[in-house]
Amino acid sequence: MKKIVLTGGGSAGHVTPNIALLPSLKDAGYEITYMGSYDGIEKKLIGDFDLPYVGISTGKFRRYLDLKNFTDPFRVIKGFSEARKFLKSYRPNAVFSKGGFVSVPVVRAAASLGIPCIIHESDMTPGLANRMCISAAKKVCCNFPETLQSLPGDKAVLTGSPIRAELAQGNKLAGLDMCGFSANKPVIMVIGGSLGAANVNKAVRQALPRLLTDFQVVHLCGKDKIDNLLLNTAGYKQFEYVKAELKDLFAMADLVISRAGANAICELLALKKPNILIPLPASSSRGDQLLNAKSFEAQGFSLVINEDDLTTEMLLDKVHELYFSRQTFRNAMNDSGQMDSIKTIMRLIEEVSLPEN
């Protein structure tokens, strides 16, 4: 049997594209093992798929002063040793990495053993972890045409992001029942990411009294970010995070308010959901979400609000603007065309894989 190791973690965005590949990898006859951090979100997400999971030590590469900058390199070195020991014994045909800092020791260890690696960069510009892996990779997949300019020409492949097929198979009535919502009032879905988005959460909750006049709101607010004072608010339902039920929430959503992480916006595009993007500001990120949002806005897929400019009035104005012109946004997304990212990535995996043992 062919073997492949998947890696990536630190946030759901570094895991869900790997999950989207699972059915095709299984159909192609691959035995799959997932490698991530000891107790990261990737371990929790992969736990539902009955896959062998190998945990390794990992550290974060920070651009700012922090005492952990002195200890984390040792954790990365330990992770490299742990990954290399497993890979040397397991001998996979290939490694596919979706990024995040846990992927660095895995990819570098695989390359040291001659195991071919494919990495995927979701954002417009490669993140630090992926930049540390590019030299060790056989191929580098990306989502945006602009990204090709930042990658080695002999490695770069424009693939798009793998999207879970089941997201398009949701049941609207199941979503309404899950939230206790009416079928006679439009629904806004707010997604702050797996770790939540404090400023977005705050703005949405401040706007609730007026939003709930015209809409119902389902709010994926992040771990430990549920507002207990709003638990019994009619037309407003909060979840820290959802898994299998996400497809049903998408099916019932008329509009989506979201961060601008690349995987999230690719899902919105694939599902043709009119959306408002509130990207992470440059002050608290490397600016990748700002570039992602700018690209989607230019293509007519999204309205964008800069977090630094976010007010209750602006949010309300943008929601109503989006709702009344929602078909225009759907038309733009329908006309965009979709690359078959899973098929393209599977072809690359087959091309680079070592012969079966």
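In what order do the seven strands of the open sheet stand? The order is β3-β2-β1-β4-β5-β6-β7, and the pairing is parallel. Before going on, two notes on the source. This is a predicted model, in which local features need pLDDT of at least 70 and side-chain atom pairs count only at pLDDT 80 or more, while totals for chains, interfaces and linings use all residues. Residues are numbered from 1 along each chain as its sequence is written, and side-chain values use heavy atoms, with hydrogens and water left out.

Strands here are DSSP runs of E, at least two residues, numbered from the N terminus. Two of them pair if DSSP finds at least two bridges between them.

β3 (53-56) and β7 (156-158) are its edge strands, each pairing on one side only. β7 pairs with β6, residues 139-142, in the parallel sense over three bridges. In that region, V140 stands opposite A156 of β7.

Now the residue. E121 belongs to strand β5, residues 117-121. Is E121 buried or exposed? E121 counts as buried because its relative accessibility is 6%, and buried means under 20% relative accessible area with a 1.4 Å probe, protein chains only.

What does E121 touch? Leaving out residues up to four places away in sequence, E121 touches P126, G127, N130, C141, C142, N143 and R286; contact means heavy atoms within 4.5 Å. With N130 there is also a side-chain polar contact of 2.8 Å, that is, a pair of N or O atoms within 3.5 Å, one able to donate a hydrogen and the other to accept it, where residues adjacent in sequence count only if both atoms are side-chain atoms.

Terms used: Helix = DSSP H or I, 4+ residues; strand = E, 2+ residues; numbered from the N terminus. Buried < 20%, exposed > 50% of the residue type's maximum accessible area, 1.4 Å probe, protein only.
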